[in-house]
Amino acid sequence: MGGRWRGGGAAEEAEQEKRRRRGAGVCGGRGGGGYCINDNEDLLAEILGRLDGRSLGVAACVCRLWCALCRGDAVWERLCVRQAGGGVGAEARAVVVALGGYRRLYRACVGPVLDRKGARSGGSRGWTRDEAQLSLSLFSIDCYERLGGKRSSLMFLCPPAR
Amino acid sequence: MSSGDSGPSSSKQLVQQPAAAGRSPNQPPLLGAGGRKVIVLKSGDEEEFEVDLLDAMQSRTLRRAIEDGCGDGPMPLPNLTGPVLAKVVELFRRHRGDPRWADELQETEKEGMFKDYAPQKPTAEVKGFDREFVSVDRDALFDLLRAANFLEAPGLLDVTCDAAADAVMNMTVEEVREYFGLVNDYTPEEEAALRKQHEWAFQ
């Protein structure tokens, strides 16, 4: 038995201590075997990254830590890619981020389109490339409209957005 | 689970012999010397489980320990109980070749030791097993989540996180707090403002 091997107990305690110092991770002392999900941010982020849009909105109201994670763009990017396919993923990330981020993309385009598609066809999985590109086009128009209509050409895209 | 009555006699209940026997006899020695094929994992309540070495490699934590040469004796996992470890070991066996982790393992290929472990799509049987695996109550699911996080096993994490997300989906804020045992750390004003901001989620 090599001396280098350590069980997880010590590491877990260190993690909890770290979180206590930051004043986060408020637990009621219940949960499975006294386990608090907020003691482990990575695991929580992994779970939140699998929720749908509405559940993420609800999750943001649970507590401060959940809110911080649900506001991050990472969970929304995962959601968009999962529901709309790779067309809005890595290759489009720079554009999406410049135009306001994945949370906005979901709220402005992906979510509403899914709601309508879902109502009609029971929700298909993933979009084609054309569907993704059309949504990104609509997203850029949405961004343009948010600027207040003071400018009259697409040159608004030249200065960095926001 | 007391350690007294579940001693060595019951400890071999999950020996992975069929798996070991199923491999080619000409397989190169695992991890170099000794022809070692199984390692022993020991739960916090002193239950021991033999697990095929390559199955154990699904866990990054175990893999690091094995590569550091800690796989010779029983490997103590003090924060996992016997029943949890039993489930985990069974999942590792079922997830053999699962691309969720096998792709990663191929990259660390040594001496062709993973050649029988080529990635293959999860079969319907594996998917069924996964569903069954997380058909447990809340506390048991939390134990599995904690084990997945500690062991850093992608397949196990995937299955358990999916189950936790499924459980939370369509819950109300209060139900989520109740489920995870979380305390509301907002002031009433803050919470009201947040709920208003996320009104769309409550429709």
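Author: Positions that come from UniProt are given here in the numbering used for this structure, the feature names are shortened, and an annotation may be inferred rather than shown by experiment. With that caution in mind, the unreviewed UniProt entry for chain B places the feature "domain: SKP1 component dimerisation" at residues 154-201. In this model, which is predicted, that span of chain B is 69% helix and 0% strand, and its end C-alpha atoms lie 30 Å apart. For chain A, an unreviewed UniProt entry gives "domain: F-box" at residues 42-82, and there the chain is 78% helix and 0% strand, with end C-alpha atoms 19 Å apart.

Chain A has 8 helices and 0 strands, so that, read along the sequence, its pattern is α-α-α-α-α-α-α-α.

Helix 4 of chain A runs over residues 64-71, and its buried residues are Trp66(A), Leu69(A) and Cys70(A). Viewed down the helix axis, these buried residues fall within an arc of 95°, which means that they line one face of helix 4 of chain A. The background to this is that an α-helix has 3.6 residues a turn, so residues three or four places apart point the same way. On the face of helix 4 of chain A that is turned away from the buried side, one finds the exposed residues Ala68(A) and Arg71(A). What do the buried residues of helix 4 of chain A pack against? They pack against helix 2 (41-48), helix 3 (53-59) and helix 5 (73-84), each of them in chain A.

Chain A is divided into domain 1, which covers 28-71, and domain 2, which covers 73-147. To the contact between them, domain 1 of chain A gives 8 residues and domain 2 of chain A gives 6 residues. On the domain 1 side, the elements that give two or more residues are helix 2, helix 3 and helix 4 of chain A, and by class that side holds 5 nonpolar, 2 polar and 1 charged residues.

Helix 4 of chain A also takes part in the contact between the two chains. That contact takes 37 residues from chain A and 45 residues from chain B. On the chain A side, helix 1 (9-21), helix 2, helix 3 and helix 4 each supply at least two residues, while the largest share, 5 residues, comes from helix 3 of chain A. Sorted by class, the side of chain A that touches chain B has 17 nonpolar, 12 polar and 8 charged residues.

Strand 1 of chain B, residues 38-43, pairs with strand 2 of chain B in the antiparallel sense over 5 bridges. Within this pairing, Val38(B) stands opposite Asp52(B), and Lys42(B) has Glu48(B) as its bridge partner. The hairpin of these two strands has 4 residues between the strands, and Glu46(B) takes a positive phi near 70° there. Strand 1 of chain B also pairs with strand 3 of chain B, residues 75-77, in the parallel sense over 3 bridges, and in this pairing Leu41(B) stands opposite Met75(B). Of the 6 residues of strand 1 of chain B, 5 are buried, so this strand is largely enclosed by the rest of the structure. Strand 2 of chain B, residues 48-52, is mostly covered, with 5 of its 5 residues buried.

Tyr144(A) lies in helix 8 of chain A, residues 129-146, and because it has 17 C-beta neighbours inside 10 Å, Tyr144(A) counts as partly exposed. Tyr144(A) and Leu99(A) are 45 residues apart in sequence, and their C-alpha atoms are 8.9 Å apart in space.

How values were computed: Residues numbered from 1 in each chain as written. Chains lettered and ligands numbered in written order. Predicted model: local features only at pLDDT ≥ 70, side-chain atom pairs only at ≥ 80, totals over all residues. Buried ≥ 20, exposed ≤ 12 C-beta atoms within 10 Å, placed from the backbone. Arc of directions from axis to C-beta. Contact = placed C-beta atoms within 7 Å. Pairing = 2+ DSSP bridges. Nonpolar A, V, L, I, M, F, W, Y, C, P; charged D, E, K, R; others polar. Domains from an automatic or database assignment.
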